[in-house]
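Subject: Structure for you, with notes on aromatic contacts

Hello,

Here is the structure I said I would pass on. My notes follow below it.

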Amino acid sequence: VPLPGQLLAQLIDVVGATQVLTDPGQLASFTTDWSGRFVGHTDVVVRPSNSDEVGAVLDLCRGAGVALVPQGGNTGLVGGGVPMHGEAVLSLSRLGHFELDATAGQITVGAGVTIGAVQRAAAEAGWAYGVDLGSRDSATVGGTVSTNAGGLRVLRYGDTRAQLLGLEAVLGTGDVVRNVSGLRRDNTGYQLASLFCGAEGTLGFVTAACLRLVAPSPEQVVALVAFEGVIEAANAASLLRREAASLSAVEFFVSTGLELVCQVMGLAAPFAQSHPAYLLVEGQGQGDVVGELAGALQALAGVVDVAVATETPRRAELWRYREAHTEAINTLGAPHKLDVALPPERLGEFLRTVGATVTESAPEAKTWLFGHAGDGSVHVNLTGLAPDDEAADDAVLTLVAELGGSISAEHGIGTAKVGWLARTKAPGSLAAFATLKRAFDPDGVCNPHVLMPPA
Ligand code: MLT
Ligand code: ZN
């Protein structure tokens, strides 16, 4: 839909001329996703500074029949926050409201505040924030709530939904939901905060959230554990959860990924020899986390080498072998990023067979495996494929569905996975999705191409 001329003037009335971007040079960074695989186009980016302005912008766009894509730090990986169909972009990065309640252990923040800023504010007040992810200094509260972001410590603290005590959002109807009182117990009907979390901006736009904080962990230990095979690593990931109460992360990668990371980042290899599979295991808490982790590691089968770190710089070095995977793989060209979950007892089988499944449908593709093994969540990155050649993606997601898994463990559906949602969602659930969408966004202006095909 071409932008009606008078709409621009009305948007400027609401947010000011400097916050309505139309210059192609200024639009570019809002239309391409971080990975470079999803490149959209738009005529306008609007940057409101508070929820009243968000509501006014939404009203104007709804009246003009112009759809909006909400965007925070633009760190999404499934084409859900870029205008793939020429929508207007609603950038929420200026919503920077900040209020920490040190007594209650919670923080109420605007959608545009980054996760890194929440973590730092929490630490200054003697608390911690349970969600952490590699994109912490760009990813925003609005985006992580809208996508129910997971990250590195879901195992210990749960996903973003598990931190969410309240929310403020503008619905597609123009109504405003505002419940940021932060009460730990409030059992009074539909949990709208939970519903908006993971809705990917399809019901309306999150403008603020109240998040719970957790006790800090002064004692920390990281172990990089090498295994003789992926099956042994997958089995260990399950077992560890039972063996150490202070366990805070169990991350997975394999030899090819580690070698690429070392080569691209110029890092020394962690062990004298290469091994088929690795777990990065972290313990955090206020007691003897080192002793607890050592005991847990002893219970594992198939371990061939271990490197342990308790001091900050060395712990960060070990983490880097895992966290740098995303950046290292991106140097090979925009990857196809699949992000799947498996039931724990099928994880080893999946890791062992997925490479062959890819090669069968796309012999030219290279498969990279890493992820959050402690939650049964694996990132399958495919390189060497044209952006729109999805035969291998389909083969992997078919395998996931056969094994009883989910086609998205953490990145969400976006525009990238719409065609596969029905693989692991029953018709009754999809019908309920469509009913909710119609009720909250009857005019179809809130991220209409995401999650489900437009009505
Ligand atoms: C990660 O686990 O590193 C993130 O989900 C990003 C990615 O999948 O590349
Ligand atoms: Zn991840």
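The notes below cover ring contacts in the chain.

Please keep in mind that this is a predicted model. Searching the whole structure gives 3 aromatic pairs.

In one of them, the ring centres of Phe196 and Phe440 are 6.0 Å apart and the planes stand at 85°, so the pair is edge-to-face. Phe196 belongs to helix α7 (residues 192–196) and Phe440 to helix α16 (residues 427–440), so the contact ties together parts 244 residues apart in sequence. Phe196 is buried, with a relative accessible area of 1%. Phe440 has 12% relative accessibility and also counts as buried, because the cut-off for buried is under 20%.

Another pair is made by Phe253 and Tyr278, and this one is stacked: the centres are 5.4 Å apart, with 25° between the planes. Phe253 sits in strand β11 (residues 247–254) and Tyr278 in strand β12 (residues 277–285); the two residues are 25 apart, and the pair links distant parts of the chain. Together with Phe271, Phe253 and Tyr278 form one aromatic cluster.

There is also a contact between a charge and a ring. The charged end of Lys366 sits over the ring of Trp368, at 4.9 Å from the ring centre.

Regards

Terms used. Residues are numbered from 1 along each chain as its sequence is written. Chains are lettered from A and ligands numbered from 1 in the order in which they are written. This is a predicted model: local features need pLDDT of at least 70, side-chain atom pairs count only at pLDDT 80 or more; totals for chains, interfaces and linings use all residues. Side-chain values use heavy atoms; hydrogens and water are left out. Rings of Phe, Tyr and Trp (its six-membered ring) pair if their centres lie within 6.5 Å; planes under 30 degrees apart count as stacked, over 60 as edge-to-face and the rest as tilted. Helices (H or I, at least four residues) and strands (E, at least two) are DSSP runs, numbered from the N terminus. Buried means under 20% relative accessible area, exposed over 50%, partly exposed in between (1.4 Å probe, protein chains only). A charge sits over a ring if NZ of Lys or CZ of Arg is within 6 Å of the ring centre and within 35 degrees of the ring normal.
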